[in-house]
Amino acid sequence: MPSINNLKFSNGLEIPSLGLGTYKEEKEDVLVDAVKAAIKSGYRHFDCAHIYFNEQHIGKAIRDTIAESNGALKREDFFITSKCWNTYHSREKVHLCLDQILQRLGLEYLDLYLIHWPMGFKEDAGDYPLGEDGKMIPSDIHYLDTYKAMEECVRNGKTKSIGVSNFNIKQLEDVLANGEIKPVCNQVEVNPLFQNAELIEFCQKKNIVVVAYAPLGAPDRAWLKTEDPVPLQHPIVLNLAKKHNKSPAQIILRWLLQRGLVVIPKSVNPTRIEENSKIFDFNLSSEEMTEFKNFRDQFRFYKFEVADKHQFYPFE
Ligand SMILES: NC(=O)C1=CN([C@@H]2O[C@H](COP(=O)(O)OP(=O)(O)OC[C@H]3O[C@@H](n4cnc5c(N)ncnc54)[C@H](OP(=O)(O)O)[C@@H]3O)[C@@H](O)[C@H]2O)C=CC1
Ligand SMILES: O=C1CO[C@H](CO)[C@@H](O)[C@@H]1O
C-alpha cells in the first residue's frame with residue numbers, strides 16, 4: 001500500500017496530506033470505530049474542532065489504539081488539529097478553549113490549533129449567540145488580537161503550530177504583517193464546485209499550506225437541497241473514475257492532492273474510509289487536471305449566512 005505522504009509547513013514541521021474529517025458525527029461507538037478503522041488504513045491525521053462536540057470520542061479511540069499497540073504507535077505518530085471557536089476569541093478564552101480541547105482529547109498538545117473563523121461572537125452566551133435579527137451577535141474582538149493569544153499557545157507548548165481557517169486574502173495579509181509566528185495553514189473549502197483558485201495561489205506563494213475542507217461537497221450537510229449540484233455525480237468525475245478504475249471520491253481527492261493541497265474527507269464508514277486512503281497510487285494527467293476547469297465553479301457549500309453581517313465575515 002503506498003503510504004500517505006506529508007507536506008512541509010513553513011516552520012519545518014510536516015502534515016500528512018490526508019486526514020479524517022470528523023464533523024457531523026457525535027455518536028461514541030460510530031466515531032470510535034471510524035477512527036480505529038482510519039488508523040488501520042494508515043491515517044494519522046485527524047481534523048477536530050471544539051464545535052464538533054465529539055473530541056472525547058476521537059481522543060479515546062486514539063489513546064486506546066496507542067495503548068493496545070505495545071509501543072508500535074506513539075502520540076508523536078499522530079497529527080491532531082483542532083479549532084478555537086468563535087465565542088472564544090478573547091485572549092483568556094483562546095487558552096481556555098485549547099485547555100478544554102486537550103482535556104477532551106486526553107492529550108498534552110495539539111499539532112495544529114486554528115482560529116476557526118475570523119469573526120468573534122459574543123462570549124459567555126452559548127456557542128451560537130443569536131440576536132433577535134436571527135444573526136450571530138458579534139464581539140468586538142479583532143482577529144489579530146485572537147492571533148496574538150494563539151501565538152502564546154505555541155510558546156507555552158500546548159500546540160506545535162498555529163494557523164487559521166476561513167480567512168480571506170486581506171485577513172491573511174493582516175496576520176502576515178502583524179503576527180510574530182507565521183500561520184502555517186489556512187483551512188478553507190475546496191472541491192470541484194468551489195475551486196478557490198485565487199486564495200490557493202496567494203497561500204502557496206506565501207508558503208501557507210491549504211487544507212481543503214468539504215472536499216467531496218459535504219453531501220451529508222443538513223441544508224442540502226435536492227436541486228443542488230453534486231460533485232460526486234458529475235459526468236467529468238464519473239468519466240475519469242471509469243478511466244482510472246477508481247471511485248468518484250478518489251478522483252476528486254487525487255485532483256486536490258495534485259493541486260498541492262491537504263484533504264480531510266469525512267467518513268464514518270470503514271469501507272469508504274479505506275477507499276479515500278487509496279489515492280497515492282495513480283496520477284491524473286495535466287489534460288485530465290484541466291478538465292476540472294469545466295465545472296460550474298463558485299458554488300460554496302459552507303456560507304455560514306447567519307454570520308454574514310459580521311464586520312469580519314470573509315466571503316463576498
Ligand atoms: N474549517 C471549517 O470551517 C470546516 C471544516 N470542515 C472539516 O472538513 C471535513 C470534511 O468536510 P465535510 O463537510 O465533512 O464534507 P466531505 O466533503 O468530506 O463529505 C462528507 C460526506 O461524504 C461522504 N463520503 C465520504 N467518503 C465517500 C466516498 N468515498 N464515496 C461517497 N461518499 C463519501 C460521507 O458519508 P459517510 O460518512 O457515510 O461515509 C459524508 O456524507 C469535516 O468533517 C471537518 O473536519 C468542514 C466544514 C467546515
Ligand atoms: O467546521 C465547521 C462545521 O461546523 C460549523 C457550524 O456548526 C461551521 O461553522 C464550521 O465551519
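This is a predicted model: local features need pLDDT of at least 70, side-chain atom pairs count only at pLDDT 80 or more; totals for chains, interfaces and linings use all residues.
Reader: How many helices and strands does the protein chain have, and what does the radius of gyration come to?

Author: The secondary structure comes to 10 helices and 10 strands. For 316 residues the globule rule gives 20 Å, and the chain's value is close to that, so the chain is as compact as a globular protein of that length. The C-alpha atoms fill a box of roughly 55 × 50 × 35 Å along the principal axes. The radius of gyration itself is 19 Å.

Reader: Is Y23 buried, exposed or partly exposed?

Author: Let's find Y23 first: it sits in the loop between strand 3 (20-21) and helix 1 (28-40). A residue is buried if 20 or more other C-beta atoms lie within 10 Å of its own, and exposed if 12 or fewer do. Y23 has 19 such atoms within 10 Å, so Y23 is partly exposed.

Reader: Which residues does Y23 touch, not counting residues up to four places away in sequence?

Author: Sequence distance and spatial distance can be set side by side here. Y23 and I51 are 28 residues apart in sequence, and their C-alpha atoms are 8.6 Å apart in space. As for contacts, with those up to four places away left out, Y23 touches A49, Y52 and K266.

Definitions and conventions. Residues are numbered from 1 along each chain as its sequence is written. Chains are lettered from A and ligands numbered from 1 in the order in which they are written. Helices (H or I, at least four residues) and strands (E, at least two) are DSSP runs, numbered from the N terminus. The radius of gyration is taken over C-alpha atoms; the globule rule is 2.2 Å times the number of residues to the power 0.38. Two residues are in contact if their C-beta atoms, placed from the backbone, lie within 7 Å.
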